[in-house]
Structure formats: C-alpha cells, structure tokens
Amino acid sequence: MIELQKLPFADKALEPFISEETIKYHYYKHHNAYVNKLNDLIEDTKYNEMSLSSIIRDSEGAMFNNAAQVFNHTFYWNSLSPEKLSPSGNLLKKINNDFGSLEALKEEFIKTGSTLFGSGWVWLVREPKGQLKLKQTENAHTPLSSYLVPIFVCDVWEHAYYIDFRNLRPKYLEEFWDHINWDFAEEAFNKTNNHTFIGTEPCNDIHDPFCQVLDEIQDKDRVTS
Ligand code: MN
C-alpha cells in the first residue's frame, strides 16, 4: 500500500504563485487519485509489498503511469519552497561547472520547459557519470526508469498552472524558478556526490519519499573528476 505524502507546506503557502485552488485540484484530487488508483491496481498482487521505485521499475501500462505519477508529484512538492532560496556549496559549484552559471541554467530550464510538447516534467538530474543535466520526460515518465538521480522537478502538465497562469507556461516556469527548494535540491545532490550510480536495491521504507531514490545510491563507482 502506497500513501499520499503530506504536502511540505500549507495549502496557501505558495500564493500568489500557486493558489490554494490549484493545490485543491493538483494535490487533493490529481495526486491523490494517482495514489488511490495505484493502490487499486496493486491490491492482491506482488506489487503490494514493493517500494514505489521498485513498482515503477517493474511495471508498465496503467500501473507504471500511476506509480510514476505518485513519485513525480511527491518530488515536485518537495522541489517547491514558499521562501526564495538560493543554491550554495557543492551544488552551486557543480552548476557553475556544468552550465556556466546559475543564470545560464535558469535560461536553459525555461527553454526546456517551454519546448516540451504536451504534458510532462522538467528535471534537473545527475547522470551516472556525475554530470548535471536538464531533462524533459513526457506524460508520466520519470528519471527513475533510467537510473538518473533527480535533483528537482517542475510539473508542466496544464493542471499544474492553468488556474493561475492560463496558457502562459513560460511565466509559470519563471516563477517556479524563484520557488525552487534549493535546500531539498542540495540534500539530493549531496547524497549523490561522489557517486555515479543508483543501485537497484529495493527501498525498505515504502513510506519515505527520500528513501525511494536517495537511499538506493550504491557506495561504489566513485567519480574521480
Ligand atoms: Mn501534476
């Protein structure tokens, strides 16, 4: 059984960027519906005792779609901050190294989100060799399937922004940038630092949103550069 993770902030905390009305639909209806549908699908199957990441990697069709959407949304809420934060430390150094500057990453992020056709997600990920990359995934697709480490994610399905921004996705992306939870991103990044590969070990605590990704990182294949 998979549980709906609690929102890491109050329903109105992101206003005016994301309204309470959007939260009512996006979290309490859409995200919750993915959890309920997934639990219907895994009931009385081997998947019922598996971690969310294991279900994602082992399933296809409706089960995959609902499981991936549960993970993607939990990661999205954790990627958001009511206060404006900034990256620092190792993560900022790596951003400067891989993108040139934070401003260059912002520009590429908005371009990547604006050019994704249809519904999907824009991720900052860490590749197996350690490099940071921006990545689009369509519909429910998730970096977990390809063992990329997600650092933060922006939901660019219309249900994420249509109430507050109508069709203005670039404006939503611009404001998302000012609400990135860089503390969460840095936590994710630091857990991957010096590691090059996410292992396939199943996560033991299926209720811990971090556990599903971060505790699977194997202590091997260290990056030397
Ligand atoms: Mn969504």
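I looked up Lys-129 and found it in the loop between strand 1 and strand 2, where helices (H or I, at least four residues) and strands (E, at least two) are DSSP runs numbered from the N terminus. Lys-129 is exposed, with 10 other C-beta atoms within 10 Å; I call a residue buried if 20 or more other C-beta atoms lie within 10 Å of its own, exposed if 12 or fewer, and partly exposed in between, with C-beta atoms placed from the backbone. From C-alpha to C-alpha, Lys-129 and Leu-148 are 9.9 Å apart in space, and they are 19 residues apart in sequence.

I note that this is a predicted model, in which local features need pLDDT of at least 70 and side-chain atom pairs count only at pLDDT 80 or more, while totals for chains, interfaces and linings use all residues. Residues are numbered from 1 along each chain as its sequence is written.

I then followed the hairpin of strand 1 and strand 2, which has five residues between the strands and in which Gly-130 takes a positive phi near 105°. The two strands pair in the antiparallel sense over seven bridges (pairing requires that DSSP finds at least two bridges between them), and Gly-120 stands opposite Glu-138 in strand 2.

Next I turned to helix 5 (residues 102–114), whose 13 residues reach 18 Å from first C-alpha to last, close to the 18 Å expected at 1.5 Å a residue; the expected span is 1.5 Å times one less than the number of residues. Which residues of helix 5 are buried? I found Phe-109, Ile-110 and Gly-113, and, seen down the helix axis, these buried residues fall within an arc of 95°, so they line one face of the helix. The arc is that of the directions from the helix axis to the C-beta atoms. What covers the buried residues of helix 5 includes strand 1 (120–126), strand 2 (132–138), strand 3 (149–155) and helix 7 (169–177).

Finally I checked the backbone for exceptions, keeping in mind that most residues other than glycine have a negative phi and most peptide bonds are trans. Asp-44, in the loop between helix 1 and helix 2 (52–58), has a positive phi of about 60° although it is not a glycine, and it is exposed, with 6 other C-beta atoms within 10 Å. Arg-166, in the loop between helix 6 (158–165) and helix 7, has a positive phi of about 50° and counts as exposed, with 11 C-beta neighbours inside 10 Å. The peptide bond from Glu-15 to Pro-16 is cis, with omega near 5°, and Pro-16 lies in the segment before helix 1 (20–42).

Conventions: Contact = placed C-beta atoms within 7 Å.
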